[in-house]
Amino acid sequence: ATSDVNTVHAASSGAPLLGAEFFQAVRQGAIFINTARGSVVDEEALLQAIDDKQLRVGVDVYAGEPSEPDAEFASPVALHTDTVATHHVGASTSQVPVD
């Protein structure tokens, strides 16, 4: 529990690899970055850690991501004020200006 930054680079195995036990061991105020797969992280445990441990989070993947580009999507992790969140394919979205 001494790392200042924890990053996730793992394939999905179905069940979350990182849950409450992992986040309880994370250092207070650490940075957590997930650019792997949303299903790798238990998002409820992550949200709890953001609040309890002042975890600072960067993500571009989420549990339950829509498969259609125009689908409605709202993620509690993405909406949390201590999270920097982008689209997994941010450069391919309609929000990116094209010159």
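**View 1. Strands S2 and S3 side by side.** Strand S2 (residues 31-34) runs alongside S3, and the two pair in the parallel sense over four bridges. For strands to count as paired here, DSSP has to find at least two bridges between them. One spot to look for is Ile31, whose bridge partner in S3 is Arg56. Before going on, note that this is a predicted model, where local features need pLDDT of at least 70, side-chain atom pairs count only at pLDDT 80 or more, and totals for chains, interfaces and linings use all residues. Residues are numbered from 1 along each chain as its sequence is written, and side-chain values use heavy atoms, with hydrogens and water left out.

**View 2. The whole sheet.** Four strands make an open sheet, lined up as S1-S2-S3-S4 with parallel pairing. At the edges sit strand S1 (5-8) and strand S4 (83-85), each of which pairs on one side only. Neighbouring strands of the sheet are turned by 10° against each other on average, direction ignored; the angles are taken between N-to-C directions on a scale from 0 to 180 degrees, using lines fitted to C-alpha atoms.

**View 3. Inside the nonpolar core.** The largest nonpolar core has 19 residues, and those with the most contacts inside it include Phe23, Phe32 and Val57. Such a core is a set of buried Ala, Val, Leu, Ile, Met, Phe, Trp, Tyr and Cys residues joined through side-chain atoms within 4.5 Å. Helix H2 (43-53) and strand S3 (56-59) each supply at least two residues of this core, and H2 gives the most, with five. What does Val57 touch, leaving aside its neighbours within four places in sequence? Val57 is in contact with Phe32, Leu46, Ile50, Asp82, Thr83 and Val84, where contact means heavy atoms within 4.5 Å.

**View 4. Val77 in helix H3.** Val77 lies in helix H3 (residues 76-79). Is Val77 buried or exposed? Val77 is buried, with a relative accessible area of 1%; buried means under 20%, exposed over 50%, and partly exposed in between (1.4 Å probe, protein chains only). Beyond its neighbours within four places in sequence, Val77 is in contact with Glu43, Leu46, Leu47, Val59 and Thr83. Ile50 is 27 residues away from Val77 in sequence, and their C-alpha atoms are 9.2 Å apart.

View 5. Val40 sits in the loop between S2 and H2 and is buried, with a relative accessible area of 2%. Leaving aside neighbours within four places in sequence, its contacts include Val8, Pro16 and Leu18. Gln54, in the loop between H2 and S3, is partly exposed at 41% relative accessible area. The phi angle of Gln54 is near 50°, a positive value in a residue other than glycine.

**View 6. Confidence along the chain.** The protein chain averages a pLDDT of 85, and 86% of the residues score at least 70. This score is the predictor's confidence in each residue, from 0 to 100. Among the elements, S4 has the lowest mean pLDDT (88) and H2 the highest (96).
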